[in-house]
Amino acid sequence: MEKYDDIKYLSLLAKQYPTIAAASTEIINLEAILNLPKGTEHFLADLHGEYEPFVHVLKNGSGAIKRKIQEVFENSLMDCEKRSLATLVYYPEQKLEIVLREEKDINDWYKINLYRLIELCRYVSSKYTRSKVRKALPPDFSYIIEELLHEESDNNDKQGYYDGIITTIIEIERAQEFIIALSKLIQRLVIDRLHIIGDIFDRGPRPDIIIDTLMDYHSVDIQWGNHDILWMGAASGNCTCIANVLRIASRYSNLDVIEDIYGINLLPLATFALKHYKNDNCTTFIPKNTDENLYGTSEIELISKMHKAITIIQFKLEYEIIRRRPEFKMDHRLLLDKINYSDGTITLNNMTYELCDKNFPTININHPFELTSDEKKLVDKLQSSFINSDKLQKHVLFLFNKGRIYLTYNSNLLFHGCIPLNKDKTFKSMTIHGNEYKGKKLLDKFDSLAREGYFSTRGSTEKLYGTDIMWYLWTGACSSLFGKEDMTTFERYFIKDKSTHKEKKNPYYNFRDSEEMCNMIFEEFELDPAESRIINGHVPVKNKFGENPIKCNGKLIVIDGGFAKAYRSQTGLAGYTLTYNSYGLQLISHQPFKSIEDAFSKETDILSSTQIVEKLDRKKVGDTDIGKELKNQIKDLKLLLKAYRKGLINEVR
């Protein structure tokens with residue numbers, strides 16, 4: 001207690017709590033917070049640019065707001081009124097536009113709905129301290145909302161005061177703004193923390209809207225997915241990642257995101273493709289999910305040529321990394337030199353296959369991995385565009401600031417794909433800079449190297465290695481984000497025999513119902529096997545074929561249920577989400593969402609069903625990670641009190 005370091009630390013703490021009274025008050029406050037109910041956590045994964053269902057699920061808290069409305073107004077409102085109130089909370093601006101057009105007595109409507117919103121807001125805020133609620137209040141209405149939230153329903157003396165506030169809000173024409181503020185406050189209070197478990201990018205139309213929404217969210221963390229790390233590598237200037245990003249965007253007709261949203265000039269790629277693939281119909285490279293109302297025949301033909309052009313460039317660029325990094329052990333993925341260009345076949349594993357596309361105008365048969373002069377110029381231009389895209393850099397910086405490879409939070413282990421394992425259920429290892437890494441240490445090393453790849457000085461060895469690792473995390477056998485032995489990109493494009501398309505999963509996926517494996521992983525990440533869970537996504541759960549997303553008696557939960565339309569034929573759903581409140585965990589499965597416009601104009605909600613994963617004795621803040629921090633603060637404050645009372649530190653009055 002009387003050690004110099006202890007006194008030095010307590011002296012610093014005393015500047016914040018300069019008296020016995022101040023320290024005592026804070027101890028009482030923190031002890032009270034420990035006994036409040038745990039806040040609700042919301043888990044989403046594999047969003048893949050599907051911004052409309054994402055925005056809606058975020059606004060309705062995966063049904064949490066509807067449940068709160070049911071609890072508050074169970075017997076006092078009809079179902080249609082509850083539905084209308086829920087829509088108002090989700091989309092206040094849009095709903096108000098409709099109401100203003102259709103409602104005859106708008107002031108009466110304002111009064112009724114203001115009282116309903118205040119009652120709902122009072123209910124959802126009841127589990128938080130006044131201080132926390134106050135910090136969440138919109139500045140323009142903070143005092144008024146705080147007064148209304150703490151109205152005592154049985155206090156007749158103040159009833160006129162509260163009625164007067166509502167009446168005045170309507171009279172001075174501030175009801176619309178007040179309703180919007182209350183609705184957004186309810187959305188914020190219903191969910192305490194949001195977890196995004198990877199794959200914001202690719203396939204869907206607008207990943208940028210998802211990231212912009214997350215940047216404005218009050219409390220969020222992100223566990224990177226393999227598609228995210230690919231874009232992060234591209235933004236860092238890795239040309240192989242850039243080629244992969246453009247290939248996938250071409251494949252799913254999403255080049256407008258690249259060009260219109262991120263301002264990356266694709267004219268050089270289009271010009272190159274038209275020059276070198278002018279007489280090639282590129283049938284194998286016709287993009288998926290093309291909307292005939294948006295794309296004409298000539299545009300589809302151009303995208304197909306661009307698609308093929310960037311794919312061949314990708315294979316050449318991958319050669320450079322694979323040769324540069326023998327520790328990646330990916331020589332077997334170099335296939336351009338395995339092609340017999342004279343007869344259009346390729347020999348793999350002692351088997352010869354006919355290619356379904358035999359036209360390779362940019363490949364030098366004697367040096368198949370060598371970029372042509374035109375390809376080099378194109379790659380340089382694309383790299384410059386990605387590095388200099390302000391919006392992309394802003395988004396990727398956010399992913400680094402709020403994200404990481406994995407997260408342990410409230411006894412849960414969150415990661416996108418897998419913990420790489422061997423067939424004998426031991427941790428798979430990888431040698432990096434001469435040192436062997438596996439398990440938690442491997443993931444920590446990947447995380448730090450990815451950051452070096454983005455933040456290190458351009459041209460440095462650290463940046464080059466870090467960006468190469470980002471590409472490896474996209475496709476390497478030891479990557480926790482990829483979770484497979486190989487990515488058979490070439491085979492899927494050029495070989496009809498589907499047996500060559502198979503991508504062997506990491507043994508982790510064979511052991512997901514093994515308690516032994518789950519407990520081994522919990523111990524590796526210093527978590528209690530008795531109360532911990534693994535929550536991940538990445539591999540879509542084939543619900544339509546009877547697969548259960550809850551594995552290993554609830555120790556492992558997979559929440560990739562098909563947000564991306566490309567996966568819904570496999571899953572039979574349109575996404576899973578998970579909530580974890582003070583009473584336990586609920587897994588919510590969602591049906592396809594029509595549109596945001598349909599939601600506010602017709603008051604339709606996303607059809608969802610809830611499954612209780614685990615019901616718990618009501619958890620309090622004291623049972624959470626935040627609770628642990630608060631207990632440490634209380635311990636320090638009690639030491640400060642002791643120092644004051646012993647005269648080791650003087651009070652400042």
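How much space lies in the largest cavity? About 170 Å³, and the sections below show where to look.

## About the model

This is a predicted model, in which local features need pLDDT of at least 70 and side-chain atom pairs count only at pLDDT 80 or more, while totals for chains, interfaces and linings use all residues. Residues are numbered from 1 along each chain as its sequence is written, and side-chain values use heavy atoms, without hydrogens and water.

## The cavities

The whole structure holds four cavities of 30 Å³ or more. A cavity is a set of points on a 1 Å grid over the protein atoms alone where a 1.4 Å probe fits but cannot get out, and lining residues have an atom within 4 Å of a point. Volume is the space filled by probe spheres set on the points, which are joined across faces, edges and corners.

The largest cavity has 16 lining residues, and Gln-314, Phe-315, Glu-318, Arg-333 and Met-487 are the closest to its centre. Helix α17 gives the largest share of this lining, four residues. Helices here are DSSP runs (H or I, at least four residues), numbered from the N terminus.

## The nonpolar cores

Of its 197 residues, Ile-196, Leu-214, Tyr-508 and Ile-559 touch the most other members. A second, separate core of 19 residues includes Ile-27 and Leu-630.

Terms used. Core = buried A, V, L, I, M, F, W, Y, C linked by side-chain atoms within 4.5 Å. Buried < 20%, exposed > 50% of the residue type's maximum accessible area, 1.4 Å probe, protein only. 1 Å grid on protein atoms, 1.4 Å probe; cavity = no way out; pocket = protein on both sides within 12 Å on 5 of 7 lines; lining within 4 Å. Helix = DSSP H or I, 4+ residues; strand = E, 2+ residues; numbered from the N terminus.
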